[in-house]
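Me: I am new to this structure and would like to go through a few of its labels. Please set each label against its definition.

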Amino acid sequence: MRTSNFLLATLKETPADAEVVSHRLMLRAGMVRQLASGIYSWLPCGLRVLKKVEAIVRQEMDKAGALELLLPGVQPAELWQESGRWKDYGPELLRLKDRHQRDFCLGPTHEEVITSIVKNEIRSYRQLPLNLYQIQTKFRDEVRPRFGIMRGREFIMKDAYSFDVSEQDSRHAYDKMYRAYERIFDRLGLDYSAVEADTGSIGGSFSHEFHVLADSGEDKIAFCKALNFAANVETIALPAPQHGRAAPAQSMEMVETPGVKTIEQLCKMLAVPASKTVKTLVVKGTQGLTAMVVRGDHELNAVKAEALDSVSSPIRFATSKEIKEIIGTETGSIGPVGMNIPIVIDHTVALMSDFVCGANQADRHFTGVNWDRDLPLAKVADLRQAEDGDLCPGGEKGETLTVRRGIEVGHVFQLGRKYSRAMNAFCTNDEGEKTLLFMGCYGIGVSRIVAAAIEQNHDERGIIWPESLAPYKVCIVAIGYHRSEKVRQASEALYQQLDDSGIEVLLDNRNERPGVLFSDMELIGIPHRITVGEKSLEKNEFEYYGRKTGETQTIAAPDLLAVLKSKFEI
RNA sequence: CGGGGCGUGGCGCAGCCAGGUAGCGCACCUGCAUGGGGCGUAGGAGGUCGGUGGUUCGAAUCCACUCGCCCCGACCA
């Protein structure tokens, strides 16, 4: 391809809306354009990268024995009513009506459709195991789309579904997918980690998420190097600490805390560390409201809270109106002392003494509060999120956890019989009995991977593609293409030679200043650059520049192809 | 959903408070010049100021409604 025939939609200035680096660079490099909130068009340069990701995913899925198909994006409500998710899915499911006023939705995922196909086609265990996948556009009406392609409403996903006659076979299919995912992310050239994940509302036996490690990630991942353990922080159970509770040293006092709404403000005003305070969060329970108490410097783990019988699932926080009506105070001054709704406290809170908490009166807190003496010890549970430095739950020698941020790009899941049961997907086993199928589902965020790869591979000049993802492998920058016949001929000949060798090459033959050519090629992140100019042509040489290494080298013309190939990673 | 912010040529912004000729930079087009890192120079084209309604002699500017986009949100409950 020549840039003279290409839509090279690069931007010199950064659009004001773009916050994270991948979003900025995708816009600046002319890869995507926003059409509506969370909805993007893919321009040629971006599409080439997207196709690279797709191709790798497709190859490895095929190699793992999965079969590709393509399912509809628009799905009838009946199917979702059958599985129960028409009610359960909530506003993220975009619903619409056709001209006959029949209900449909835009598929946010395809368990229903795939199950309906399989239950009609599969009769016997002899037809199994089966793993079907597709690469398709999905739509989830996110509350708050953000970070460009990273959390869009419309996005591209590879989703696979396995069907087996036994739990053991299903486990087999799961392991196979897990290994295929490792190969995929290796080939994509990403720094990633497979972590134990929450099976969430879907239930199921186990699940792993694949995360690309990046500071802009929305998830927190805990690692334990010593034990080779990694998990999403929300899944990590934290056992009760073994030490006891210190004896009370202070008496309980009410103090004025005007304007204090946050733990930070509270600590500042009273000059106490956050670990001496507690925060009380009010959530909707199965009967009325319930208070959850964690230490001031800890975070409530929504998954753990949800798991409690007394808390409604999905978890919902009480509104300020409800708090005012039932507890009779403003947010910011809530505490367990004299609380008139059920209380659950975290393990660590149960072991605190002389702590600070809200007094359930506006602008007042208590100091020197102690369990048993000032208030009865409440129900104790594991409520908080694991943090950097916490003890590794599997460790016995005091191993600690390190927490980093990750972007979830893949998820493998055992579904068990949830959907086959709801939708009556049976087959006959080797004893002639009808038996419910065991399912697994396996997702990869194809479009998100493009953004994640940029988060991990960029510098101040632009994107630095891993070779496996680059829109073109080599670019030829022709300096003086329109002025020098020599340059034009040499660059065209080189272009032809590379193209004939099956190398994806972009010839920049625009009538622009050299600086413009160089910086655009660096912005869009082409891994290898050959510069053709009169100076070097006189010596029958080309100049090489490596985007990732910054390496420059002059290469004698006859050696060019061989030397260039030696620089390729793949 | 709550809170905040922003909609003015393709992009980035000023003008709005104090109503009166719509402006700047980049990009674009035409010359000249230049040619190894987003040069220089001369000229030019392009906007019913998100939409609707109102106030006014007069609205980008004031008022009301509305649409769109962005950011923040247990941190405290």
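Me: In which helix is S83 found?

Reply: S83 is found in helix 3, which covers residues 77–83. Helices here are DSSP runs of H or I with at least four residues, strands are runs of E with at least two, and both are numbered from the N terminus. This is a predicted model, in which local features need pLDDT of at least 70 and side-chain atom pairs count only at pLDDT 80 or more, while totals for chains, interfaces and linings use all residues. Residues are numbered from 1 along each chain as its sequence is written, chains are lettered from A and ligands numbered from 1 in the order in which they are written, and side-chain values use heavy atoms, with hydrogens and water left out.

Me: Why is S83 called buried?

Reply: Buried means under 20% relative accessible area, exposed means over 50%, and partly exposed is in between (1.4 Å probe, protein chains only). S83 has 12% relative accessibility, so S83 counts as buried.

Me: Which residues does S83 touch, not counting those up to four places away in sequence?

Reply: S83 touches E112, A422 and M423. Contact means heavy atoms within 4.5 Å.

Me: What makes the pair S83 and E112 a polar contact?

Reply: A polar contact is a pair of N or O atoms within 3.5 Å; within protein, one must be able to donate a hydrogen and the other to accept it, and residues adjacent in sequence count only if both atoms are side-chain atoms. The side chains of S83 and E112 are joined by such a contact at 2.6 Å. A polar atom of the S83 side chain also lies 3.3 Å from the backbone oxygen of W80.

Me: Which strands are the edge strands of the open sheet?

Reply: The open sheet has three strands in the order 4-6-5, with antiparallel pairing. Its edge strands are strand 4 (74–76) and strand 5 (95–97), each of which pairs on one side only. From one strand to the next the twist averages 40°, where axes are lines fitted to C-alpha atoms (for helices over the stretch in contact) and angles run from 0 to 180 degrees between N-to-C directions.

Me: How do you know that strand 5 pairs with strand 6?

Reply: Two strands pair if DSSP finds at least two bridges between them. Three bridges join strand 5 to strand 6 (residues 103–106), and the two run antiparallel. R95 stands opposite C105 in strand 6.

Me: What makes R2 and E492 a salt bridge?

Reply: A salt bridge is a side-chain nitrogen of Lys or Arg within 4 Å of a carboxyl oxygen of Asp or Glu. For R2 and E492 the closest N and O atoms are 2.7 Å apart, and the pair forms a salt bridge. R2 is in the segment before helix 1 (21–28) and E492 in helix 13 (residues 485–500), 490 residues apart. By this rule the count comes to 36 salt bridges.

Me: Why is R2 called partly exposed, and why is E492 called buried?

Reply: R2 has a relative accessible area of 23%, so R2 is partly exposed. E492 has 15%, so E492 is buried.

Me: Where do E485 and R488 lie?

Reply: Both lie in helix 13, three residues apart, about one turn of the helix. E485 counts as partly exposed because its relative accessibility is 45%.
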